[in-house]
Amino acid sequence: MEINVLFDEGFEGTLDEGWLREVAAKALIAEHQSDAEMGILITDQDKIRQLHKEYMGEDEPTDVLSFAMREKGPVDAPDFVFPAGDAAHLGEVIISYPQAEIQAGEHGHSAKKEVAILLIHGVLHLLGYDHDQPERQKKMQAREKAILKLVSEGLD
């Protein structure tokens, strides 16, 4: 398993790189994806707003974006084929640290716990979970809650 962590300028030292890898790894292992790789980027409101606008058509900041390599294209498009024996690159999870701080205050817990929640949410999106329909939302929220319990020590 390979999990690459990057911090945009100004966010180095806000979170422990090893801890971010651990949260993502526990989410992947809980979903039986121990032979996978992914990236995590901790960024600001401006960059996430730009990406949100460019890729989702929404001109506003958000808390987390996931860019999955496994997303389906048009019905007639072939799936991306990973080389045999290589770990599948799942994609990237991008988190706005300032938005995580805002939401942490609103929910009455630490920014670290909010980042864990957002990272788990993003990893599940990389694995194909979605919350676009009530049944799918219920399933995704149940997995988020279960995985958060695995990483919850010292988050509040």
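## Strand β3

In β3, 4 of the 5 residues are buried, so the strand is largely enclosed by the rest of the structure. Buried stands for under 20% relative accessible area, exposed for over 50% and partly exposed for what lies in between, with a 1.4 Å probe and protein chains only. Strands here are DSSP runs of E with at least two residues, helices are runs of H or I with at least four, and both are numbered from the N terminus.

The model is predicted: local features need pLDDT of at least 70, side-chain atom pairs count only at pLDDT 80 or more, and totals for chains, interfaces and linings use all residues. Residues are numbered from 1 along each chain as its sequence is written, and side-chain values use heavy atoms, with hydrogens and water left out.

## Overall content

The protein has 5 helices and 4 strands. Read from the N terminus, the order of elements is β-α-β-α-β-β-α-α-α. Of the 156 residues in the protein, 42% are buried.

Contact means heavy atoms within 4.5 Å. Taking contacts between residues at least 6 apart in sequence, 65% join residues at least 24 apart.

## The sheet

The 4 strands form an open sheet in the order β1-β2-β4-β3, and the pairing is mixed. β1 (2–7) and β3 (64–68) are at the edges with a single partner strand each, so one side of each has no neighbour in the sheet. On average, neighbouring strands of this sheet are turned by 15° against each other, direction ignored. Two strands count as paired if DSSP finds at least two bridges between them. Strands of a sheet pair through backbone hydrogen bonds, either parallel or antiparallel.

How many bridges pair β3 with β4 in the antiparallel sense? There are 5 bridges between β3 and β4 (residues 88–96). Ala68 has Gly91 of β4 as its bridge partner, and Val64 has Ile95 of β4. β2 and β4 run parallel and are joined by 8 bridges. Glu37 stands opposite His89 in β4. Of the 9 residues of β4, 8 are buried, so this strand is largely enclosed by the rest of the structure.

## Helices on the sheet

Helix α2 (residues 45–56) lies across β2 (36–43), β3 and β4, at about 50° to β3. Helix α3 (residues 97–107) lies across β2 and β4, at about 60° to β4. Axes are lines fitted to C-alpha atoms, for helices over the stretch in contact, and angles run from 0 to 180 degrees between N-to-C directions.

## Helix pairs with α5

The axes of α4 (residues 111–126) and α5 (residues 134–151) come within 10 Å and cross at roughly 130°. α4 and α5 are therefore oblique to each other; angles under 35 degrees count as roughly parallel, over 145 as roughly antiparallel, 65 to 115 as roughly perpendicular and the rest as oblique. The crossing of α4 and α5 is right-handed, the term for a near helix turned clockwise from the far one by less than a right angle, with anticlockwise giving left-handed. α4 contributes Lys113, Ala116, Ile117, Ile120, His121, Leu124 and His125 to the contact, and α5 contributes Met140, Arg143, Glu144, Ile147, Leu148 and Val151. By class this contact has 8 nonpolar, 2 polar and 3 charged residues. Ala, Val, Leu, Ile, Met, Phe, Trp, Tyr, Cys and Pro count as nonpolar, Asp, Glu, Lys and Arg as charged, and the others, Gly among them, as polar.

Helix α1 (residues 17–30) and α5 have axes that come within 10 Å and cross at roughly 130°. α1 and α5 are therefore oblique to each other, and their crossing is right-handed. Val23, Lys26, Ala27 and Ala30 of α1 meet Arg143, Ile147, Leu150 and Val151 of α5. The residues of the α1 contact with α5 divide into 6 nonpolar, no polar and 2 charged.

## His32

His32 is in the loop between α1 and β2. Is His32 buried or exposed? With 71% relative accessibility, His32 counts as exposed. The phi of His32 is near 60°, a positive value in a residue other than glycine. Most residues other than glycine have a negative phi.
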